Amino acid sequence: MAELVMPKLGESIMEAKILRWLKKEGDMVAQDEAVLEIATDKVDSEVPSPFTGKLTKILFPEGETVEIGKAIAIIESGSAAATATPAAAPVVEQTPAAPVQTQAAALTTAPATTASAVSNTDANRFYSPLVLNIAREEKISMAELEAIPGTGGGGRVNKKDILAYVANRSNGTATSPTAAPTVSSTPAPTEAPKTATTNYGANVEIIEMDRMRKLISEHMTKSKQTSAHVTSFVEADVTNLVLWREKWKNKFKQKEGENLTFTPIFIEALVKTIKDFPNINCSLDGDKIILKKDINVGMAAALPSGNLIVPVIKNADQYNLLGLAKKVNDLANRARINKLSPDDISGGTYTISNVGTFGNIMGTPIINQPQVAIMAVGSIKKKPVVIETAEGDYIGIRHMMYLSHSYDHRVVDGALGGLFVRKFADYLEQFDINREI
């Protein structure tokens, strides 16, 4: 007999909701086979079994919110594996409800916290991000939240507690535990009057935002509220790069069994540029600039659902072009089939978004918090261009592309932001057409 526990899904995540049991009591489960689906305010995941055995007992029903590390099921194994074993790393499901560090292109960052929003720094007891999110959405003050009785471990307020409070409050029956009276000159808060339902007219379809779209919305809004966005643009002549790829893409497909896209070439040039301007590879914590030594490049990827997610290539500077190509294809393929792990979408230090994939010539990308900059590459178009030579100028047909670099002006000045995108363009323009892959 062994316990299947609620797995750890990130440093700030303390609990998760059971969305659906994929197995029922009495079913046999194989090692690494998904047993249930769970959700947090950042990710939706499948929890696999750490070993082969029989699911003898489900400890929590669907819809229940359970603390990380708590047993959620009992699995009986006939092998030595019956020793309690932590659950394997969950797999992120980019179903209507994923996290992700997604960007208008991105995003795995907690929702925005305003000066008036509740947070653990103001609390006398700990609250999970999920509970704080609900409190913010329902406009529950910290004083009000502190008065809600908790049924979780150590008296903590869990999701069930706060949702019950919200339901009672809307019915006018919310109660708080008896506490010693306090003297206050501030009048007691009164419930805001209920507003009438909005009339959208007859010829409309009302679509509820899915969980992932809500998180993207929060992440994008937070980024615009947090960072002073500035965008610089450069047009690059990528003719040599295009011709080189045309020469090698079929050979690469035959040899490696994979496609050779432009993305790994862009990431290779981006890594070189970050090494030239390491101050761009940072985040901001209050008035402290946190320089990152690792170069972890996030690449925005479209999902079949229409949402976006940002898988991260960790230590991208340690890969050659062939290695980057394989890594890009692996992450992109697993994103399409909903098989990314939480580690695959966390830890990014700089993000690149290929808006050219959608036929756009340029864009103004929103920074993927807590990073301070993001690069967007547009579609490659043939254009007549003035070509300067020692013998004189002439007009030729070249492959041209716009680059858009958005950066946080609180940390990155125009000189650094502008020189960075210019240097990135230089690396693309100076691509060696005679190199071997």
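Author: In this predicted model, the largest nonpolar core has 58 residues, and the members that touch the most others are Ile-267, Ile-352, Met-375, Leu-403, Phe-424 and Leu-428. Take Ile-267: beyond its neighbours within four places in sequence, Ile-267 is in contact with Val-297, Met-299, Ile-313, Ala-316, Leu-324, Val-328 and Ile-352. Another core, of 19 residues, lies apart from the largest one and includes Ala-2, Met-6, Ile-38 and Ile-75. In soluble globular proteins, nonpolar side chains tend to be buried together.

Strand 19 covers residues 350-354, and Thr-351 belongs to strand 19. Thr-351 counts as buried because its relative accessible area is 0%, under the 20% limit. The side chain of Thr-351 makes a polar contact of 3.3 Å with the side chain of Asn-368.

The loop that runs between strand 19 and strand 20 (373-377) holds Phe-358. Phe-358 is exposed because its relative accessible area is 52%, and the limit for exposed is over 50%. Between the C-alpha atoms of Phe-358 and Gly-378 there are 8.8 Å, while the two residues are 20 apart in sequence. Pro-370 is also in the loop between strand 19 and strand 20. The peptide bond leading from Gln-369 into Pro-370 is cis, with omega near 5 degrees.

Strand 21 (residues 381-389) pairs with strand 22 (residues 392-408) in the antiparallel sense, over 9 bridges. With 2 residues between them, strand 21 and strand 22 form a hairpin. One of the bridges joins Val-385 to Gly-396 in strand 22.

Two backbone angles deserve a note. Most residues other than glycine have a negative phi, and most peptide bonds are trans. Asn-315, although not a glycine, has a positive phi of about 50 degrees. Asn-315 sits in the loop between strand 18 (312-313) and helix 7 (321-336), and counts as partly exposed because its relative accessibility is 25%. Lys-139 is not a glycine either, and has a positive phi of about 55 degrees. Lys-139 is in the loop between helix 1 (129-137) and helix 2 (142-146), and counts as exposed because its relative accessibility is 70%.

As for the whole protein, there are 8 helices and 22 strands. Of its 437 residues, 46% count as buried. The accessible surface comes to about 22,000 Å², and carbon and sulfur atoms account for 52% of that surface.

Terms used. Residues numbered from 1 in each chain as written. Predicted model: local features only at pLDDT ≥ 70, side-chain atom pairs only at ≥ 80, totals over all residues. Heavy atoms only, no water. Core = buried A, V, L, I, M, F, W, Y, C linked by side-chain atoms within 4.5 Å. Buried < 20%, exposed > 50% of the residue type's maximum accessible area, 1.4 Å probe, protein only. Contact = heavy atoms within 4.5 Å. Pairing = 2+ DSSP bridges. Helix = DSSP H or I, 4+ residues; strand = E, 2+ residues; numbered from the N terminus. Polar contact = N/O pair within 3.5 Å; in protein donor to acceptor, adjacent residues only side chain to side chain. Areas by Shrake-Rupley, 256 points an atom, 1.4 Å probe, with all protein chains shown as cover.
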